[in-house]
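I opened this structure for the first time today. These are my notes, in the order I looked things up.

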Amino acid sequence: MDMTSWLSGSRAHLIGIGGAGMSGVARMLLGLGVAVSGSDAVESESVRLLRELGVPVFLGHAPSHLPEGEVTVIISTAIRHDNPELMAARERKLPVIVRAEAVAALMSNHRAVCIAGSAGKTSTTSMLTVALQHSGFDPSYAIGGELTTSGINAHLGTGDIFVAEADESDGTFVAFSPEVAVVTNVGADHLNFYGTKEVYAAAFDKFAARIQTPGVLIVCADDPGAAELGRRVASTGTAVHRYGRTATKSGDATLSAFEPELGQGRVQMRYQSRAFEFDLQVPGEHMALNALGAFLAGVAVGASPDDLVAGLAAYGGVRRRFELKGRRGGVAVYDDYAHHPVKVAAQLRAARQLTAEGGRLIVAFQPHLYSRTLEFSAEFGAALAIADEVVVLDVYGAREDPIPGVDGGLIAKAVQLPSECVHYVPERSKVPAVLAGLARSGDIVITMGAGDITALGSKLLHRLAGKQPS
């Protein structure tokens with residue numbers, strides 16, 4: 001089947017084209033010779049790179065941005081119902097689909113491997129992609145982040161395997177019908193969409209029900225939500241494999257030991273009575289668990305265990321996942337995308353292991369979404385307390401309107417540290433100066449969040465350079 005037969009007029013217009021997932025769809029469509037255009041609210045690196053590929057990208061949203069004639073409109077989850085381009089598309093009765101539906105269509109005639117979970121899905125998807133490439137495969141992939149090795153987040157390969165990150169934020173991950181599904185964890189998130197944690201968890205059952213027959217579900221046995229999902233799915237007859245320290249059954253991958261080292265970690269794993277040992281270039285035990293999930297998925301599609309281990313050892317990370325931005329005056333500055341309490345805690349624990357003797361861990365956190373800030377302020381406070389100094393910015397609202405009384409101060413008040421170690425700085429432009437004033441040689445500073453805080457790392461490095469003696 002033609003991978004673009006679903007496109008009206010063999011043209012696509014992407015609203016929100018600069019987003020991580022949307023820019024990947026644009027890249028894949030371009031690779032198939034589709035005429036692609038798009039729009040986004042702001043200028044970004046993704047927008048610039050797409051323009052370099054010849055894609056007309058408009059800033060702002062207006063009906064005039066839609067191409068004339070037949071065109072399929074693809075929207076991201078951040079697009080509101082009253083978006084003028086979306087409203088114009090519906091008035092013109094143009095086909096409108098969400099990103100997940102577009103990726104599912106591109107997966108046609110492929111063996112799909114989909115990775116979902118409350119946290120860790122981008123890293124696990126990326127690890128699997130790199131491990132398969134090192135195993136001699138050329139998979140297609142769609143990832144919610146850019147591989148540091150290639151600098152891109154999507155690719156149409158020559159092989160029959162398609163690896164995709166399955167985003168559960170709006171329920172659209174049920175558009176996928178994978179041969180292999182990985183669920184890293186099931187906590188509670190996106191309650192502005194799901195309402196309750198029970199409804200959120202039930203969405204993963206619907207996702208697992210989409211696994212093809214025969215197929216396999218791979219879950220982290222150490223996570224209560226994922227482990228319980230595995231038990232429910234196993235009762236339906238679908239094969240379930242597990243990974244983690246508590247995974248000990250036949251077909252499981254067991255994390256025997258994890259030894260943190262500077263900037264990385266030593267992983268010891270057992271699989272089918274064999275012992276494997278390899279260095280992982282990204283820090284934290286949570287990354288070691290992600291690597292085991294990727295390993296089992298690679299085995300499930302036919303890759304050699306030895307080749308997969310070698311590929312995992314070569315994995316260099318994803319941009320905005322504890323990405324080193326630079327060092328100045330003995331201060332290391334990292335940037336991280338974590339925006340949920342589980343992710344924040346996991347990354348800060350990993351960073352803590354890298355902090356030099358006498359050095360401190362400093363985090364600047366930008367809350368993402370008013371609803372998430374309201375729902376999880378206490379959990380964020382507990383997670384951020386892993387650091388020594390905490391700077392909290394105001395909320396990055398993204399697609400949401402403000403909620404009265406909800407701001408970054410809610411999280412700052414919940415941080416369980418002495419008051420002199422917690423700083424609420426609602427004005428984003430003032431944060432680099434505050435961080436530069438706090439940091440000293442030996443410290444690690446992390447800018448953290450899913451919003452525009454990522455731009456502050458370079459500004460902080462510039463200020464730190466100014467502090468160095470001439």
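The entries below go from the whole chain down to single residues.

**Entry 1: overall build**

I noted at the start that this is a predicted model. I then looked up the secondary structure and found 15 helices and 21 strands in the protein chain. Next I checked the radius of gyration, which is 22 Å. The globule rule gives 23 Å for 470 residues, so the chain is as compact as a globular protein of that length. I also took the box around the C-alpha atoms, and along the principal axes it is roughly 60 × 60 × 45 Å.

How much of the chain is buried? I found that buried residues make up 57% of the 470 residues. I turned to the contacts with a separation of 6 or more, and 67% of them join residues 24 or more positions apart. The accessible surface came out at about 18,500 Å². Carbon and sulfur atoms hold 51% of that surface.

**Entry 2: charges**

I looked up the charged side chains and got 41 positive and 49 negative. The centres of the two sets lie 2 Å apart. Side chains of opposite charge can pair when their charged atoms come close. I therefore looked up the salt bridges, taking a side-chain nitrogen of Lys or Arg within 4 Å of a carboxyl oxygen of Asp or Glu. The count is 18 salt bridges.

**Entry 3: a pair within one helix**

I picked Glu45 and Arg48, which form a salt bridge with their closest N and O atoms 2.4 Å apart. Why are they about one helical turn apart? Both belong to helix H2, residues 45-52, and they are separated by about one turn because they sit three residues apart in that helix. Glu45 is partly exposed, with a relative accessible area of 44%. Arg48 is partly exposed too, at 34% relative accessibility. I also found that Glu52 is linked with Glu45 and Arg48 in a network of salt bridges.

**Entry 4: two pairs across the chain**

I went on to Asp388, which forms a salt bridge with Arg352 at 3.0 Å between the closest N and O atoms. Which parts of the chain does this pair link? Asp388 lies in the loop between helix H12 (370-384) and strand S19 (389-392), while Arg352 is in helix H11, residues 341-354. These are distant parts of the chain, and the two residues are 36 residues apart. Asp388 is partly exposed at 25% relative accessibility, and Arg352 is partly exposed at 29%.

Then I looked at Asp452 and Arg428, whose side chains meet in a salt bridge of 3.3 Å, N to O. This pair also links distant parts of the chain, 24 residues apart. Asp452 is in the loop between strand S21 (444-448) and helix H15 (456-467). Arg428 is in the loop between strand S20 (422-424) and helix H14 (431-438). I read 30% relative accessibility for Asp452, which counts as partly exposed. Arg428 counts as partly exposed at 28%.

**Entry 5: one arginine and its neighbours**

My last stop was Arg463, found in helix H15. Is Arg463 buried, partly exposed or exposed? At 44% relative accessibility, Arg463 counts as partly exposed. I looked up what Arg463 touches, leaving out residues up to four places away in sequence, and found Pro432, Ala433 and Ala436. The C-alpha atoms of Arg463 and Ala436 are separated by 6.3 Å. Along the chain these two are 27 residues apart.

Key:
Residues numbered from 1 in each chain as written. Predicted model: local features only at pLDDT ≥ 70, side-chain atom pairs only at ≥ 80, totals over all residues. Heavy atoms only, no water. Helix = DSSP H or I, 4+ residues; strand = E, 2+ residues; numbered from the N terminus. Rg over C-alpha atoms; globule rule 2.2 N^0.38 Å. Buried < 20%, exposed > 50% of the residue type's maximum accessible area, 1.4 Å probe, protein only. Contact = heavy atoms within 4.5 Å. Areas by Shrake-Rupley, 256 points an atom, 1.4 Å probe, with all protein chains shown as cover. Lys, Arg positive; Asp, Glu negative; His and termini not counted. Charge placed at Lys NZ, Arg CZ, Asp CG, Glu CD.
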